[in-house]
Amino acid sequence: MTIKSMAEYAANGEMPEVLFWVGCAGSFDQRAQKITKAFAQILDKVGVKFAILGKEEMCTGDPARRAGNEFLFQMMAYNNIQTLNGYGIKKIVTACPHCFNIFKNEYPALGGNYEVIHHTTFLQQLINDGRVRLKESGEFKGKKITYHDSCYLGRGNNIYEAPREVLQALDVELVEMKRCRTNGLCCGAGGAQMFKEEEKGNTRINFERSEEALETGANIIAANCPFCTTMLTDGVKNKEKEDDVKVLDIAEMVARSLAD
Amino acid sequence: MQLVQQILFIIISGISIYLFAQKVGEIRRNIMLGRKEDLTDNPGQRWKNMALLALGQKKMFKRPIPAILHLFVYAGFIIINIEILEIILDGITGQHRMFAPLLGSFYSVLIGCFEILAVLVLAGCAIFLARRNIVKTPRLVQSELDGWPKNDANLILILEIVLMTLFLAMNTADLVLQERGAEHYTVTGSFWITGMFTGLFSGLPDGTLIAIERGGWWLHIVGVFFFMNYLPYSKHFHIIVSFPNAYYMRLKKQGEMKNMPEIQNEVLYMMEPDKAPTDAAPAEPQRFGAKDVMDLSWKNLMDAYACTECGRCTAMCPANITGKKLSPRKIMMDTRDRLEEVGANINKNKEFVEDGKTLVHDYITVEELRACTSCQACVEACPVSIDPLNIIYQLRRYLIMEESNSPEEWNLMFGNVENNMAPWKFSPDERDRWAQEMSQA
């Protein structure tokens, strides 16, 4: 398969159906790259015409903004909007809730207006439209799975059901954690915490959350955010449960369950 | 004697209302010290929010048990205030139970309903006291409540219990006096609750009963006036401020962080100098982010007065749950305390005189601000639409942009974003390597 960049599309005078905004984690982080690849594989398999920005993609500025560095954020946003508007991008799909939130809610004030969709919602639509077809009895059928709401998909944008509908389509046995949906507990990475040591406390936030996930007895913790995936994986390792319990992005689960 | 009571009543109520209005005016002035923010769009949605969140207490019901108890106290408080109207009119005109002849037999039903509510208020407040002092519900005994906040909460509850007890004692004595045909005591028919307790007072002479009835009446109304004037100094002021606070809540998605157009423009003029206005007068230098309460928006300051320190935000805060110093409730309490201090400074000096203190550092520490994950659980949890995260963001902006006060790891992250276009130290050329790998596979 070939993944085409926006520059290549533009050179041929073509427009993709959607721009896949990979994000920094999805591009560089080894664990998150697997999610990126899984999602790209799904798009390719079902014939969604998509492009990436490739080397032209830059950090959205989200961690800088949340930390308080508005100048740096505005610089990044300016450059990204120049690129996106230059290509006449209309629709963006991303596998990162932080990128999703900032495009959807914060770029419009700066002149960046796009239809923005998170990959879990996109997958749910592809399943509903019959474009993504899943195996009758995939590897997750009947498996006990818990779902972790990311803050910026859940509370930030009120998207609670789309990811759960994808899990239902996979025929899993969904077991909710005590703190879920609007009450969901953060993984500990947001607000630029991913890039610094936690402040002093009794325990780490990702340990607290992972323990809660483990208490459900699920074998898989489903996530929708590369940062949550990292934090929860570390939390599971801390409890030495990494052999029994896997943290997977919903895209990875769908990719493994695609019908031939 | 009657005339003396009337005059005394009018004087007391006049002073109470004057003092209350003065203090409320002062709080309004304090709130207006904040920066401008337009929150008047979409009035339809705003009225709806006020009806659902403030009047309907929708978010309270996330925790059903305290919600029901709170509903008793709240409904009791609002509805029994209809009785206050009669008390005030009686007080001014020197009549006794002047609504009774107007309403006929319905009057005793109405008072009966008030009495049921009064009992529910009593029970609610007693359970609330127990939750705070015996059961020690975690969010109600956290360290930021030590001292005045705990006493404030207990005082309010005790005061409500006293007021309700006086109301019921007054009615009981009244009923016994009615039965005896005492002069001035309009016959109303029995009341549902106190009708069952007349036996307690039946052995007492008329004089004592009149003393109980009059004493109850006076202490009740004086208590109500005290309560009214205590409110603006107390966390209990939420019973008023939560209404405008729900109306003026931000209608944006919770995930959205407020833009800073001044910095947006600065970046724009830097990148496209031809767009910079040439003739414009240099803008008044405004502080980036917030160092003190005056740098916050007026809505942040109103939030501080709407906070009743229930701690639902803190109980949901991932940083607080894991033992970090951050508590969103403390952010709100600190904001109010500092604002009150600034207000007192203005009262004393006619205008604010520098006192060497600021909201950041003196009230809210850097460590607290650094612990926030921006998860919005506090915003989601607040029953009265307070947004502690908004304040945290503005204080963080001040620390980074005005003080260059940043942990080393964040400085590295900023440097990477600026130079490598990613928060980690990877070469931008590697950004699409995953795609090349897939293409080769």
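**Exercise 1.** State which helix of chain B holds Ala21(B), and determine whether Ala21(B) is buried or exposed.

*Solution.* Step 1: Ala21(B) belongs to helix H1 of chain B, residues 2–31; helices (H or I, at least four residues) are DSSP runs, numbered from the N terminus. The model is predicted: local features need pLDDT of at least 70, side-chain atom pairs count only at pLDDT 80 or more, and totals for chains, interfaces and linings use all residues. Residues are numbered from 1 along each chain as its sequence is written, and chains are lettered from A and ligands numbered from 1 in the order in which they are written.

Step 2: Ala21(B) has 10 other C-beta atoms within 10 Å and is therefore exposed. The cut-offs are 20 or more for buried, 12 or fewer for exposed and partly exposed in between, with C-beta atoms placed from the backbone.

Step 3: Between Ala21(B) and Pro232(B) lie 211 residues in sequence, yet their C-alpha atoms are 9.9 Å apart in space.

**Exercise 2.** Describe how the two domains of chain B meet.

*Solution.* Step 1: Domain 1 of chain B covers 2–31 + 63–247, and domain 2 covers 288–420; these bounds come from an automatic or database domain assignment.

Step 2: The C-alpha centres of the two domains of chain B are 37 Å apart.

Step 3: In chain B, 19 residues of domain 1 are in contact with 22 residues of domain 2, contact requiring C-beta atoms, placed from the backbone, within 7 Å.

Step 4: On the side of domain 1 of chain B that touches domain 2 of chain B, H1 and helix H9 (238–247) of chain B each supply at least two residues. H9(B) gives the most to this side, with 6 residues.
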